[in-house]
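Hi there,

Here is the structure I promised to pass on. Have a look, and then read on for what turned up in it.

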Amino acid sequence: MKVVAHRGYSGRYPENTMLAFQKAVEAGCDEIELDVQLTKDDVVVVLHDERIDRTTDGAGYVRDYTYEELKQFNAAKCWDGRYDRMAIPTFEEYCIWVKDEPVTTNIEFKTSIYYYEGLEEKTIELLRKYHLEEKVMFSSFNHVSLLKAKELEPDIACGILVDDELGNAGYYCSQYGFECYHPNGAKLSGAVAESCARHGIKINAWTINDMALLERLGDLNCSGAITNYPGICLAAGNTEIGKITLHTGKAEISR
């Protein structure tokens, strides 16, 4: 399985920051997963929540700030001073950096709660500008957003994100031209994994912070594990899975 760094190396560094992305590459991850949204002035930024309250020292919705306003907030707030102040990165900043790195990128359109008109177009414009079309895939809980991306760039793979299991996942993805299925790994069943295999659909499961779950995904022939701890997952892949224990308590599963 490929190891996908969820919001970068988010288990050890502030999520969706350039530091988390750089550390994920240093750890040897195969792919970086990140989230994109639009500011008030239509700048594509990398941030998970629609509100900035949880991860920064600001408050309110991303869509209500210009980027000049948004970059004043500290994206490392959650770490209680462990890391220097960091700005929310723009997606263009990420593209400039990642174009020369040996990783692919899973770009999640954050359009399932608030639909950002033009997010798909602006994201793809940046990918074209930096010639990254062959190094990325798209994912979203809003499958209509993925259909829009397919209209714009048919050759970029798309993965549907789901929390509750989709029983006919393989058929569903194949009918709409989606190459991948991205389920909550804790809820993935053998029957759905078989459905995907039968229709040639790849499974990249989230958020895999438990070694027993990682081993189970291997048994189900999943293509990728999306994890907050890429370094540990990579180490597990090079040793006997089960001899490495992740001492973080119960992993928080969040979209």
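A polar contact here is a pair of N or O atoms within 3.5 Å, where one must be able to donate a hydrogen and the other to accept it. With that in hand, one thing to know before you start: this is a predicted model.

Let me begin with N184. Its side chain reaches the backbone nitrogen of A186 at 3.0 Å. The side chain of N184 also makes a polar contact of 3.1 Å with the side chain of D163. Where does N184 lie? You will find N184 in the loop that runs between strand 7 (180-183) and helix 7 (190-198). Is N184 buried or exposed? With a relative accessible area of 4%, N184 is buried, because buried means under 20%.

Now for the protein as a whole. Its secondary structure comes to 9 helices and 9 strands. The radius of gyration is 17 Å, close to the 18 Å that the globule rule gives for 255 residues, so the protein is as compact as a globular protein of that length. Along the principal axes, the C-alpha atoms fill a box of roughly 50 × 40 × 30 Å.

Of the 255 residues, 53% are buried. If you take the contacts between residues at least 6 apart in sequence, 56% of them join residues at least 24 apart.

As for the surface, the accessible area comes to about 11,400 Å², and 47% of that belongs to carbon and sulfur atoms. The protein has 27 positive and 41 negative charges, and their mean positions are 2 Å apart.

Key:
Residues numbered from 1 in each chain as written. Predicted model: local features only at pLDDT ≥ 70, side-chain atom pairs only at ≥ 80, totals over all residues. Heavy atoms only, no water. Helix = DSSP H or I, 4+ residues; strand = E, 2+ residues; numbered from the N terminus. Buried < 20%, exposed > 50% of the residue type's maximum accessible area, 1.4 Å probe, protein only. Rg over C-alpha atoms; globule rule 2.2 N^0.38 Å. Contact = heavy atoms within 4.5 Å. Areas by Shrake-Rupley, 256 points an atom, 1.4 Å probe, with all protein chains shown as cover. Lys, Arg positive; Asp, Glu negative; His and termini not counted. Charge placed at Lys NZ, Arg CZ, Asp CG, Glu CD.
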